Amino acid sequence: MAHVRSLFFEGVASESETRAQQAKRLGRPSSLIWNITNRCNLLCSHCYMAADGHVKPDQLSDEQAYEMVDRMEEAGVPVVFLSGGEPMMRPNFWEILKRINKAGVQPTISTNCTFVTPKAAQRLAENGVRFIATSIYGPEYYHDALTQVPGTYQKVVKAIKNLRAAGVKVAVKTALTRETYEFIYDIVTLAKELDCSLLYICDLITSGRSAGEENMRVSVDQWRRLCDFVVDDMLDPASSLEYDIGAIPSTIPYIAEKLVARGVDVSKGLKRFQTFSACPVGQGHMTINSEGGVMPCQFAQDWTVGNIHDISFDEATSRLYELDAADSSGQCAPEACDYSRICRGCRVKAWQATGNAFIEDTTCILDTNGERTLPVTAREEAVAAGHVAPCAVSGC
């Protein structure tokens, strides 16, 4: 995950990026995604969790959820993304949100927006929610077919308008596949028309209901064309849309190279890479599932480093940071790619393919024989400057 505009310029996510960097320097979780329930009222055909109407038998109880909020506050978590399933289906959703806001942790909600009425939008704003993330996959006929629930598209559009009227910013999410690629530029236009602040574009994760569908991923050339469009749009003075790209971290150095070729100073982004790589695994990012499992990434629900029932937030954070000590192999190895430490490849794709999270990412969009044009600061210099948490340093 990387907020591209905020990374290289100034954008809507600049504040959250700064808070995340500060948390990591203190050895704390830089961000937390909390799947408070696995239940969902939609049945999206690509859902990497295969979420449905059922509650997991070991889901955290209400009291355990409230205790979790207290522990987040003690651990200094700067921001939490409440997700699911559909988080608003959890009966005590509003009480969890209220406690998070009271604890001083910044809440963001990832929701399909089918429950966001005008009253709910106002209530979200009153409970400290400044950002909502919701999904649009294409035009109405396609979106409703993918979610398998008629009328979903219209509910999302109305909810976005309700949220903007309540002063809540909106991020539109979409999964990029061979089917949705033809809609992506229309989704950009729609996001701007609806006054959304951010567009999150995620490469297809082949787990859950999309398991085994690797052939549905778009081509390298298609990703490159999309990144070229993002560069053009960010350099357009009339555009302020933030872009966030997920599950394909090689897009970030690719975009940086394109900016350099256009005469743009990318030093702001390179400084950020002294603290974070484009792949969040081992970078202070933490996901907790509905049963308390601690995961390096929300896209790998079967890759856990422990359960929050059994370990402290400090121990969970330490175990996640330890993952940063391992170098990737193959074309993602430091000796094979100068960008190894600013990109690292998608560790989840490696995990899902082989069970080894540190093999090469075969979906890289960089030219493996091309010249590397970014003046990347050495990892050792970043450590010496105090930008990297000690537990993230190889050999500790």
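This is a predicted model: local features need pLDDT of at least 70, side-chain atom pairs count only at pLDDT 80 or more; totals for chains, interfaces and linings use all residues.
I started with α12, which lies across β1, β8 and β9 and runs at about 120° to β8. For angles I use axes, lines fitted to C-alpha atoms (for helices over the stretch in contact), and angles run from 0 to 180 degrees between N-to-C directions. Helices (H or I, at least four residues) and strands (E, at least two) are DSSP runs, numbered from the N terminus.

Residues are numbered from 1 along each chain as its sequence is written, and side-chain values use heavy atoms, with hydrogens and water left out.

**The sheet.** I traced 9 strands in an open, mixed sheet, in the order β7-β6-β5-β4-β3-β2-β1-β8-β9. The edge strands are β7 (242-246) and β9 (294-295), each pairing on one side only. Two strands pair if DSSP finds at least two bridges between them.

**β3.** Next I looked at β3 (residues 106-110), which runs parallel to β4 (residues 131-135) and is joined to it by 3 bridges. β2 also runs parallel to β3, with 4 bridges between them. Ile109 turned up in both pairings: its bridge partner in β4 is Ile132, and Leu82 has Ile109 as its partner in β3.

**α3.** Then I checked helix α3 (residues 62-75): its 14 residues reach 20 Å from first C-alpha to last, close to the 20 Å expected at 1.5 Å a residue. That expected span is 1.5 Å times one less than the number of residues. Its buried residues are Ala65, Tyr66, Met68, Val69, Arg71, Met72 and Ala75. Their cover includes β1, β2, α4, β8 and α12. Gly76 follows α3 and has a positive phi, near 75°.

**α4 and α5.** Last, I found that the axes of α4 and α5 (residues 118-126) come within 10 Å and cross at roughly 30°. The two helices are therefore roughly parallel to each other; the cut-offs are under 35 degrees for roughly parallel, over 145 for roughly antiparallel, 65 to 115 for roughly perpendicular, the rest oblique. Phe93, Trp94, Leu97 and Asn101 of α4 make the contact with Ala120, Arg123, Leu124 and Glu126 of α5, contact being heavy atoms within 4.5 Å.

Notes. Buried means under 20% relative accessible area, exposed over 50%, partly exposed in between (1.4 Å probe, protein chains only).
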